[in-house]
Amino acid sequence: MKSSITHRLRCNFYLNRLIKASLRASTKENWRSRLGIMKVEGFSVPIIDLAKFEVEKENLRAAVVELGCFRVINHGIHDAIIANMKYSGRNILELSSEVKQRNINIIPGSGYIHPNQLSHLFESLGIYDANSTADIHAFCTCLGISSHDKENLSTYASTLHCLTVDLASKIAECLGVVDYSFQEWSCHLRLNRYNFTKENIGFDGAYTHTDSSFISVLLEDESNDGFEFINSEGNSVVVNHVPGTFLINVGDIGKVWSNGRLHNVKHKVVCKKAEPRFTVVLFILAPKDNKIEPQAELIDSKNPQLYQSFDFMEYRKIKASTRSVTELLRHWAVDEAKAMA
């Protein structure tokens, strides 16, 4: 089964590359018209006040089920920690290409991602498990990162891990799964840079994709936005930046874990300004045993099981080797039509 999945996805990958190459040859207006894609400007995703969770519970449920993304305020992370992380993140991404190449994969796709044919504007460094002091130390030592930047990175990873685990538990509670702990799940941190110039304005810096996570917590570049998600009509929706918030996305693992209740939002990044864009993302990935399966509490006669259980590492390997960006979950669907609805 694994080899057939890989073969089909590789075929899709190369077909997508041919389509992308063809589209780049025409103007942005022409290819959007040809594909029937509309852009919705200036959308504000729901903002959840974590200081009033009981009041916000239904709003949070609606956000993760219908949109698959939301923002949080009163998240408890001090402005100084965020500012220090942005400063150090830029410093680290300014390291030479030779040094960044030392950031090798621990699991597929966890290390340095250099600009390539599929996403020539994007590069990224990764720490496999940001909840592990050993992983952070190894990352900093390997790249020769200063003690000051290491301290900023460690502090941010620790505080954001606490927030991410709490958010995941709150989402589970909204679905009726109470007291589920994500504390031992691996959390992958990435430092991203989009090398935008004036020639790139209006084009994609990150192609349309879903995340390989339960949820992802995004620290945006407030001076250079560009996040867009794809709505149920297939239109690209420009998301307004809100200072002082984190943007949260539901990923593929969240959809499977919830037996299809959560919406794994398709999204991308578009160049808006002729200057580099920097972001930091924490992904909560998988439990220690790497077994991904729908929760028993969310399966009943009215809600039959939509997905087979699978190994997270196998999923990552297939996604990394094929560069599949969407719809990978259909290969573990019990009933594809229902699972992908």
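Is Tyr 194 buried or exposed, and what is its relative accessibility? In this predicted model, Tyr 194 has a relative accessibility of 6% and therefore counts as buried.

## Aromatic pairs

A search of the whole structure finds 15 aromatic pairs. In one of them, the ring centres of Phe 122 and Tyr 194 are 5.1 Å apart and the planes stand at 50°, so the pair is tilted. Phe 122 belongs to strand β4 (residues 122–127) and Tyr 194 to strand β5 (residues 187–194), so this contact ties together parts that are 72 residues apart in sequence. Phe 122 counts as buried at 15% relative accessibility, and Tyr 194 counts as buried at 6%.

Phe 182 and Phe 214 also form a tilted aromatic pair, with 4.7 Å from centre to centre and 50° between the planes. This pair links distant parts of the chain, 32 residues apart: Phe 182 is in the loop between α7 (147–174) and β5, and Phe 214 is in the loop between β6 (204–209) and β7 (215–219). Both Phe 182 and Phe 214 are buried. The two residues belong to one aromatic cluster together with Tyr 180, Trp 185 and Trp 257.

## Helix α7 and its surroundings

Helix α7 has 28 residues. From its first C-alpha to its last it reaches 41 Å, which is close to the 40 Å expected at 1.5 Å a residue. The helix is followed by Gly 176, which has a positive phi near 95°.

His 148 is located in helix α7 and is partly exposed, with a relative accessible area of 44%. The C-alpha atoms of His 148 and Ser 88 are 8.2 Å apart in space, while the two residues are 60 apart in sequence. Elsewhere, Lys 170 lies over the face of Phe 53, at 5.0 Å from the ring centre.

Strands of a sheet pair through backbone hydrogen bonds, in either a parallel or an antiparallel sense. Strand β7 pairs with strand β10 (residues 246–250) in the antiparallel sense over 4 bridges, and Ser 216 stands opposite Asn 249 in β10.

## Strand β12

In strand β12 (residues 277–284), 8 of the 8 residues are buried, so the strand is largely enclosed by the rest of the structure. Arg 277, Thr 279, Val 281 and Phe 283 point one way from β12, whereas Phe 278, Val 280, Leu 282 and Ile 284 point the other way. In a regular strand the side chains alternate between the two faces of the sheet.

Strands β5 and β12 run antiparallel and are joined by 8 bridges; Asn 192 stands opposite Thr 279 in β12. Strands β7 and β12 also run antiparallel, joined by 5 bridges, and Leu 218 stands opposite Val 281 in β12.

## Cysteines

A disulfide is a covalent bond between the sulfur atoms of two cysteines. With a cut-off of 2.5 Å between the sulfur atoms, the count comes to 0 disulfides. Cys 140 counts as buried at 3% relative accessibility, and Cys 174 counts as buried at 9%.

How values were computed
Residues are numbered from 1 along each chain as its sequence is written. This is a predicted model: local features need pLDDT of at least 70, side-chain atom pairs count only at pLDDT 80 or more; totals for chains, interfaces and linings use all residues. Side-chain values use heavy atoms; hydrogens and water are left out. Rings of Phe, Tyr and Trp (its six-membered ring) pair if their centres lie within 6.5 Å; planes under 30 degrees apart count as stacked, over 60 as edge-to-face and the rest as tilted. Helices (H or I, at least four residues) and strands (E, at least two) are DSSP runs, numbered from the N terminus. Buried means under 20% relative accessible area, exposed over 50%, partly exposed in between (1.4 Å probe, protein chains only). A charge sits over a ring if NZ of Lys or CZ of Arg is within 6 Å of the ring centre and within 35 degrees of the ring normal. The expected span of a helix is 1.5 Å times one less than its number of residues. Two strands pair if DSSP finds at least two bridges between them.
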